[in-house]
Protein chains: 2
Amino acid sequence: MPSSSATSQRLTDRKRRAIIEAAIEEFRLSGYETTSMDRIAARAAVSKRTVYNHFPSKEVLFAQILHHLWQAIAGGEEVVYRHDRPLREQLLELIAQKFRLLNDEAFVSLARVAIAAGIHSPERAQQMVERMGEREEGLTVWIRAAAAAGRLNTKDPVFASHQLQGLIKGFAFWPQITLAQPPLDAAAQKQVAESAVDMFLAYYA
Amino acid sequence: MPSSSATSQRLTDRKRRAIIEAAIEEFRLSGYETTSMDRIAARAAVSKRTVYNHFPSKEVLFAQILHHLWQAIAGGEEVVYRHDRPLREQLLELIAQKFRLLNDEAFVSLARVAIAAGIHSPERAQQMVERMGEREEGLTVWIRAAAAAGRLNTKDPVFASHQLQGLIKGFAFWPQITLAQPPLDAAAQKQVAESAVDMFLAYYA
DNA sequence: CCGGATGTACACCGAGCAGTGTACTTTATC
DNA sequence: GATAAAGTACACTGCTCGGTGTACATCCGG
């Protein structure tokens, strides 16, 4: 009676999960083009036919993977602008939030696969990065609010937001994506975050 | 008597050039994996056998392409630190130099192909980006000199250099690489450069 | 314990690809 | 104009891949 397991449920669900997990792993390791359905089936310990019974094509499977990984990230509490608290404190909180995302292995996997696959598929790349853009809105919104409250001196919150993010991503995103470097340790994160915020405020505050 | 042409020289050289140009185009369009030697041969208007007479394998051809593109970039005059000139002026010159590289289509092509191909080939990626790192030394050296002269307040020139580059690349490199966006126009370049330098100096000067 | 759903093993198709071997033609040089 | 070097057309090998069809085994709810 396998119904007792809380995680597994029906066989068909377990198989499906195994396929998705194997596919994530393979796509992450080898990218879209060089990953074969046979390898995915083998890693999932599943018949190739079963893979095709669940997913009609490699393309669809890949899309589902992207969707699946996207779900895994979903959680994201906003930091709203507060007039009664120091800018530095609030910005550091915003950055810390960003670091939580950047340290999330699921996010990095998603980004790597998406960028690797999308680099020669403009429409998919466009779509993915637009979605990621939504994540970054939080910071822009905060900057706009602070500027409206007269505490930041910028006419272009989007630009300023990109600048601050550039100060972070140059250390904590692009090297990890393009060079598979490990995430920054706590000390490095602190240095990057504080230095970025201080530089940002030195200019805009 | 085709010897009259200044650019073409011997037939074998013309053929070789055609192959390289076609290969660059194809690799840039489709990446390493999905580009076939047949397509390269077709685009070069050359027999497939001729391709293999010039280059023993796809792998070698690809390596030559990378080398070839690297050569095409080579030129790069250094800006040395001058104690008698304003920091802002010198930094803007440094950034302008970086923009010349970022606007160079050959460089962007190289970077895209290399990153796309290298994203799942750690050793090649490592090698490429180390080479690119050499290019960036100029800025770091300048910052170190300025700090030694007591005009910049940093203990970590490499870190500071990465920060300044983050402020540039977030606008003028990564979007172009990962999203195939067009290079920044002159006005945008000016805004990005001046804002970056001013922010940098507001913090470190 | 029955029966439909699901999974499996395996053979297979058609296509594309890297790379080779060969017989022949073109090019350029002396 | 002979001759060696270079290019070409083309057939072919061996391999991988995405995807399918099928006959048979296994699972699991009623």
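I began with the chain pair: 30 residues of chain B are in contact with 30 residues of chain A. I count a contact when two C-beta atoms, placed from the backbone, lie within 7 Å. Next I listed what supplies chain B's side. Helices 6 (105-118), 7 (122-148), 8 (157-172), 9 (174-179) and 10 (186-204) of chain B each give two or more residues to it. Helix 8 of chain B has the largest share, eight residues. By class I got 14 nonpolar, 12 polar and four charged residues on that side. My classes: Ala, Val, Leu, Ile, Met, Phe, Trp, Tyr, Cys and Pro are nonpolar, Asp, Glu, Lys and Arg are charged, and the others, Gly among them, are polar. My helices (H or I, at least four residues) and strands (E, at least two) are DSSP runs, numbered from the N terminus.

**Ground rules**

I am working on a predicted model, where local features need pLDDT of at least 70, side-chain atom pairs count only at pLDDT 80 or more, and totals for chains, interfaces and linings use all residues. Residues are numbered from 1 along each chain as its sequence is written, while chains are lettered from A and ligands numbered from 1 in the order in which they are written.

**Symmetry**

I superposed chain B on chain A. A rotation of 180° with 0.1 Å of shift along its axis does it, at RMSD 0.2 Å. That is how a two-fold axis relates copies. I then looked for the C-alpha of chain B nearest the axis, and it belongs to Gly166(B), at 2.3 Å. Both copies use the same surface, as 100% of the contact residues of chain B recur in chain A.

**DNA strand C**

I found 22 residues around DNA strand C. A residue is near a strand if its C-beta atom, placed from the backbone, lies within 6 Å of it. The closest are Thr12(A), Ser47(A), Thr50(A), Ser36(B) and Ser57(B). Both chains contribute elements with at least two residues each: helix 1 (11-30) and helix 3 (48-54) of chain A, plus helix 2 (37-43), helix 3 (48-54) and helix 4 (58-73) of chain B. Helix 3 of chain A gives the most, four residues. I sorted the surface into six nonpolar, seven polar and nine charged residues.

**DNA strand D**

Helix 2 (37-43) and helix 3 of chain A, with helix 1 (11-30) and helix 3 of chain B, each supply at least two residues. Helix 3 of chain B has the largest share, four residues. The surface near DNA strand D holds six nonpolar, seven polar and eight charged residues.

**Chain A overall**

I counted 10 helices and zero strands in chain A. The C-alpha trace spans about 60 × 40 × 30 Å along its principal axes. Of the 205 residues in chain A, 31% are buried. Buried means 20 or more other C-beta atoms within 10 Å of the residue's own, exposed 12 or fewer, partly exposed in between, with C-beta atoms placed from the backbone. Among the contacts in chain A with a separation of 6 or more, 62% join residues 24 or more positions apart.

**Helix 4 against helix 6**

I checked one helix pair in chain A. The axes of helix 4 (residues 58-73) and helix 6 (residues 105-118) come within 9 Å and cross at roughly 150°. Axes are lines fitted to C-alpha atoms, for helices over the stretch in contact, and angles run from 0 to 180 degrees between N-to-C directions. From helix 4 of chain A, Leu66(A), Leu69(A), Trp70(A), Ala72(A) and Ile73(A) meet Ala106(A), Phe107(A), Ser109(A), Leu110(A) and Ala114(A) of helix 6. I classed nine residues of this contact as nonpolar, one as polar and none as charged.

**Single residues**

I looked up Val113(B) in helix 6 of chain B. Val113(B) is buried because 25 other C-beta atoms lie within 10 Å. Beyond its neighbours within four places in sequence, Val113(B) is in contact with Phe27(B) and Arg28(B).

Last, backbone angles. Most residues other than glycine have a negative phi. Ala45(A) has a positive phi, near 55°. Ala45(A) sits in the loop between helix 2 and helix 3 of chain A. With 10 other C-beta atoms within 10 Å, Ala45(A) is exposed. Phi of Ala45(B) is also positive, near 55°.

Technical notes. Copies are superposed by least squares on the C-alpha atoms of residues with pLDDT of at least 70 in both.
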